[in-house]
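Colleague: I've got this one open on my screen and I'd like to learn how to read it. Can you take me through it feature by feature?

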Amino acid sequence: MLDALTVALSAAALALAAWCGFAAYRDQPTKDWHFIGMAVVTVLALAQLATGIVQLARGEKPDEGSVIFVSYLIGAFAAVPAAGFLSLAERTRWGSATVAAGAVVLAVLEVRLYDIWGG
């Protein structure tokens, strides 16, 4: 895995979590700017998914197995979009809290991906 991409994605996810968590604290739903932030984080997760698949196709192997690695990659890619869709259904402060929780989950998944790859 690319360590720089993992760190960038983790930092972006934590920034999104803080931003949406602050919106939830102020009793605000997710707004258009939050969805732009979610899109940026999702594009980074897509880049990581593509990088991971390419590295596996080139013959590089994670320490803990390819199946679990790909499963975590897909989960990391889906965490923020799933939270974003849930926030559309809940247009209160809890929608913002859902996105914040999804972004924290993504940051934790990044740490686990780093461990699975052998970091």
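Colleague: Let's start with Leu106: which residues is Leu106 in contact with, leaving aside its neighbours within four places in sequence?

Modeller: Keep in mind that this is a predicted model. The general idea first: in soluble globular proteins, nonpolar side chains tend to be buried together. Here, once the neighbours within four places in sequence are set aside, Leu106 touches Leu9, Ala13, Val41, Ala76, Ala79 and Val80.

Colleague: And what is the wider group around it, then? How many residues does the largest nonpolar core have?

Modeller: That core has 24 residues. Leu106 is among those with the most contacts inside it, along with Leu16, Val41, Phe69 and Val80. At least two core residues come from each of α1 (3–25), α2 (32–57), α3 (66–89) and α4 (93–117). The largest share, nine residues, is supplied by α4.

Colleague: OK, on to aromatic rings. How do I read a pair of them?

Modeller: A pair of aromatic rings is described by the distance of the centres and the angle of the planes. Searching the whole structure turns up two aromatic pairs. Take Phe22 and Tyr25: their ring centres are 6.3 Å apart and the planes sit at 25°, so you call the pair stacked. The cut-off for stacked is under 30 degrees.

Colleague: Where are Phe22 and Tyr25 relative to one another in helix α1?

Modeller: They are three residues apart in that helix, so about one helical turn separates Phe22 from Tyr25. As for the surface, Phe22 is partly exposed at 45% relative accessibility, and Tyr25 is exposed at 66%.

Colleague: What about the rings of Phe69 and Trp117: how far apart are their centres, and at what angle are their planes?

Modeller: The centres are 5.0 Å apart and the planes make 45°, so that pair is tilted. Phe69 belongs to helix α3 and Trp117 to helix α4, so the pair ties together parts that are 48 residues apart in sequence. Phe69 is buried, with a relative accessible area of 0%, and Trp117 also counts as buried, at 16%.

Colleague: Good, now charges. What should I look for, and how many salt bridges does the structure hold?

Modeller: Side chains of opposite charge can pair when their charged atoms come close. This structure holds two salt bridges. One joins Glu60 to Arg58, with the closest N and O atoms 2.5 Å apart. Glu60 is partly exposed, at 29% relative accessible area, while Arg58 is exposed at 58%. Then there is Arg112 with Glu64, at 2.9 Å from N to O. That pair links distant parts of the chain, 48 residues apart: Arg112 is in helix α4, and Glu64 is in the loop between α2 and α3. Arg112 is partly exposed at 26%, and Glu64 is partly exposed at 40%.

Colleague: Last one, backbone angles. What is the phi of Asp27, and where is Asp27 placed?

Modeller: Most residues other than glycine have a negative phi. Asp27 isn't a glycine, yet its phi is positive, about 65°. You'll find Asp27 in the loop between α1 and α2. Asp27 is also exposed, with a relative accessible area of 51%; the cut-off for exposed is over 50%.

Technical notes
Residues numbered from 1 in each chain as written. Predicted model: local features only at pLDDT ≥ 70, side-chain atom pairs only at ≥ 80, totals over all residues. Heavy atoms only, no water. Core = buried A, V, L, I, M, F, W, Y, C linked by side-chain atoms within 4.5 Å. Buried < 20%, exposed > 50% of the residue type's maximum accessible area, 1.4 Å probe, protein only. Helix = DSSP H or I, 4+ residues; strand = E, 2+ residues; numbered from the N terminus. Contact = heavy atoms within 4.5 Å. Phe/Tyr/Trp six-rings, centres within 6.5 Å; stacked < 30°, edge-to-face > 60°. Salt bridge = Lys/Arg side-chain N within 4 Å of Asp/Glu carboxyl O.
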